[in-house]
Number of protein chains: 2
Amino acid sequence: MEKTNVAIVGMGTVGSGVARLLLDHGDRTSRHAGRTLWLKKAVVRDLAKPRDVELPDGVVTDSIADVINDPEIAVVAQLIGGLEPARTIMLDLMEAGKDIVTANKALLAQHGPELFTRARELGRTIAFEASVAGGIPIIANISQCLSANQILSLEGILNGTSNFIVSQMDEKGASYDDVLKKAQDLGYAEADPTMDVDGTDAAQKLAILAHLAFGATVDWSDIPREGIDGLSSLDLAYSRKLGYRIKLLAVANLAEDGLELSVGPTLVKCGTPLAEVRDAFNAIRVIGDAVGPVFYHGLGAGQMPTASAVTADIIDTAVGRTRLTFETLEYFSVDQPPRVKLRDVDTLQGRYYFRLTVANHPGTLAAITKALAEDSISIASVIQHEPENADVEGQDAADETVPLVVMTHAASEGAARSATEKIESLPCVTGPVVRLRVKQ
Amino acid sequence: MEKTNVAIVGMGTVGSGVARLLLDHGDRTSRHAGRTLWLKKAVVRDLAKPRDVELPDGVVTDSIADVINDPEIAVVAQLIGGLEPARTIMLDLMEAGKDIVTANKALLAQHGPELFTRARELGRTIAFEASVAGGIPIIANISQCLSANQILSLEGILNGTSNFIVSQMDEKGASYDDVLKKAQDLGYAEADPTMDVDGTDAAQKLAILAHLAFGATVDWSDIPREGIDGLSSLDLAYSRKLGYRIKLLAVANLAEDGLELSVGPTLVKCGTPLAEVRDAFNAIRVIGDAVGPVFYHGLGAGQMPTASAVTADIIDTAVGRTRLTFETLEYFSVDQPPRVKLRDVDTLQGRYYFRLTVANHPGTLAAITKALAEDSISIASVIQHEPENADVEGQDAADETVPLVVMTHAASEGAARSATEKIESLPCVTGPVVRLRVKQ
């Protein structure tokens, strides 16, 4: 049987998982690849650090040169995170004739065009299934399985950390800080979770998917995005009362006048599949013009789900499927103009949830509904309760503030923003306005 | 740009959909295939029959010889249903050097080994994404995307007609016959719906998936199967009371001692993703040892969803991916022994739902629980209501029959069958015993 020599660069959680699949399940990988996949080198930063996978003698090294200078190594799973030295190492590996498998979405979202163009110049390939949605094979599904379709929309829960936090806040009524701490203890959140909870990670993944599905060439940092880091459990509670859950939703919608892209906490109707995605799971709903809606749900992170995606890419690369796909689809090409333009954010249509803190005196609701009406925003529902201490004797009602929740009908983002500014400047509105999108 | 000439044999619903994608969306298919896909011939049975797609001059023909004798045609979407002449035509096309794309699961389930072996001998390929679950690309997902995994289980709603009927019976409280009629009017069910509603179609699809996922070589007719054709709305109502929905579930479960395969109406816990699959949708839950659970949901039939799968296969065949996969994976090989043996049906463990019609007199429940206990089946819950006319004066209670529903804890199929026989022979049991499996 033929043999393909493989190296892993970066033996963190995912790298160890890939090593385990290659070492412990050689029968399986060789059956699926039609050849032996032989783990020849595993590059680590610190040889002394204990690892949760036992490597055969001679495999582990702390020198990337051992991979670069070994002409027998054909495929490298490059599993170092961050931008540098990951970028330089990937370029060096390709110069040395290695095909690349990577899980590094930040690197692709930032330097995709440079890396893919260089790969094409060198006759090399880059496979990146693990860069989006962990174990869900969404890259292959969009690039190949649904290739007869014009994708019309993509809606995804793409950040497992955020979804875990929001689910736990929603189900246990816990505070953001408490749940974040729990997520860190469970290994779902990094010590510095900023990129996960502020929407960066989801925007980077959305930029990759939007490129595959729509030919959009978009800098991820241009995608309007909000994270869950400012989310209050009050909003989860009100949403639930209204029949919704809040999810950090990444959305790409194709319209006549361009592509809408956004990432943000969004109210999703209870009972719909995306609303029911719990804990660290990811999910993606794709609508194709021929296939209609297809829904994918699975583990978006974690050692073995991500290793599953990386190893499938190693198999595809060894078999030669990756090369055919890579040569056919001009992904991340600096030469190709984008096939779609981005829509002006202000024209995006959607429903909105507003939560205000208002003075409990006459005229408040009139002032707010007037501000909305001025921007032609019509109201679908309102929740305003009596203040909890309204019946306390001697309490001066005029000093009290109460929450006011308004759900609107469809309005443009521009109108919603303009109304928000007006509302925030009203004297009867005493705190910042929370505004969230509602999935239609 | 290179050109690949394509023919369609069989211009029914799906064939017309494929023609539409090729003719109307040449920009899209050529971008995804890296070459022009040119519809050169479309073979119909009756030239005079009106079609819902307009074909360019010279494309339509009623002679298969026009395809077989045209050396320029490289890929043929063979979309004739049934076993013959579909089998002979497929063999003739392959002899003539054509690669095949098909949606015919009955043909593959029956003659897969012969057809695939002949394809290999001739250096040809067969792609069959559309044969299972319509628009859901489950074949590619199991064969390629999840190739790093040992699949541990597959549970699927694979027959859209059955699911439509059961959903409508459940939601509208309608009778089987009324809903079947509606399904036929809507085009969801054939004039002769036998193969859909008796479990044959689902068993054929399960046989294909079991081969891909587990290397099982199984005659679909050996798969224990029941359809929904005997389902009473009473059982849907009782299931709902117990917190379940009934779904026609196709199951493949890998255990230490072999593979369990079955198709049958099954109680599925409300709120779980499979229970919420409505109307003509299909869904599949796959568990892989690395990736964990992955859930797929989409349209399992219909013109454009199925055409989406066929056209993706045409693209894959033109690009060359199909060849690599076909040559790597020895699917349906007559030379290879099966990698897994089937479990003895009697040893399968599961929970059961029993519905009995019993005499409303003392000792009835005691007799039934004794029969279950003799086969070591323990009871989880019981529903027995008073007869509706129990308070009618002068009514002789001893003449009445009442329904009795029993949910059991886990038991073997052998024990459940033995207990069923005992219960049916009890004098207090006046009608046939309904026994359904409960998904665990």
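A:C145 has a relative accessibility of 10% and therefore counts as buried. This is a predicted model, and no disulfides are counted over all chains. Chain B can be superposed on chain A with an RMSD of 0.0 Å. The points below cover the cysteine pair, the relation between the copies, an annotated lysine, and selected strands and a helix.

**Cysteine 145 in both chains**

- The disulfide count over all chains is zero, where a disulfide requires two cysteine sulfur atoms within 2.5 Å.
- A:C145 is in no disulfide, and the cysteine sulfur nearest to its own, that of B:C145, is 4.7 Å away.
- B:C145 is likewise in no disulfide, its nearest cysteine sulfur being that of A:C145 at 4.7 Å.
- B:C145 counts as buried because its relative accessibility is 10%, which is under the 20% limit.
- In general, a disulfide is a covalent bond that joins the sulfur atoms of two cysteines.

**Relation between the copies**

**Lysine 105 of chain A**

- An unreviewed UniProt entry lists A:K105 under "binding site".
- A:K105 lies in helix α5 of chain A, which covers residues 105-122.
- With 21% relative accessibility, A:K105 counts as partly exposed, because the buried class is limited to values under 20%.
- Apart from neighbours within four places in sequence, the residues in contact with A:K105 are A:S131, A:D201, A:Q204, A:K205 and A:I208.

**Strand β16 of chain B**

- Strand β16 of chain B spans residues 434-438, and four of its five residues are buried, so the strand is largely enclosed by the rest of the structure.
- Strand β9 of chain B (residues 258-269) pairs with β16(B) in the parallel sense over two bridges.
- B:L267 is opposite B:V438 of β16(B).
- Strand β12 of chain B (residues 349-359) pairs with β16(B) in the antiparallel sense, over five bridges.
- B:L436 in β16(B) is the bridge partner of B:Y353.
- As a general point, strands of a sheet pair through backbone hydrogen bonds, in either the parallel or the antiparallel sense.

**Open sheet of chain B**

- Six strands of chain B form an open sheet with parallel pairing, in the order β3-β2-β1-β4-β5-β6.
- The edges are β3 (60-61) and β6 (126-127) of chain B; each has a single partner strand, so one side of each has no neighbour in the sheet.
- Strand β2 of chain B (residues 36-43) pairs with β3(B) in the parallel sense over two bridges.
- B:V43 stands opposite B:T61 in β3(B).

**Helix α12 of chain B**

- Helix α12 of chain B (residues 303-319) has 17 residues.
- From first C-alpha to last, α12(B) reaches 24 Å, close to the 24 Å expected at 1.5 Å a residue.
- Of the 17 residues of α12(B), 17 are buried, and the helix is mostly covered.

Note on methods: Residues are numbered from 1 along each chain as its sequence is written. Chains are lettered from A and ligands numbered from 1 in the order in which they are written. This is a predicted model: local features need pLDDT of at least 70, side-chain atom pairs count only at pLDDT 80 or more; totals for chains, interfaces and linings use all residues. Side-chain values use heavy atoms; hydrogens and water are left out. UniProt positions are given in the numbering used here, feature names are shortened, and annotations may be inferred rather than shown by experiment. Buried means under 20% relative accessible area, exposed over 50%, partly exposed in between (1.4 Å probe, protein chains only). Contact means heavy atoms within 4.5 Å. Copies are superposed by least squares on the C-alpha atoms of residues with pLDDT of at least 70 in both. Two strands pair if DSSP finds at least two bridges between them. The expected span of a helix is 1.5 Å times one less than its number of residues.
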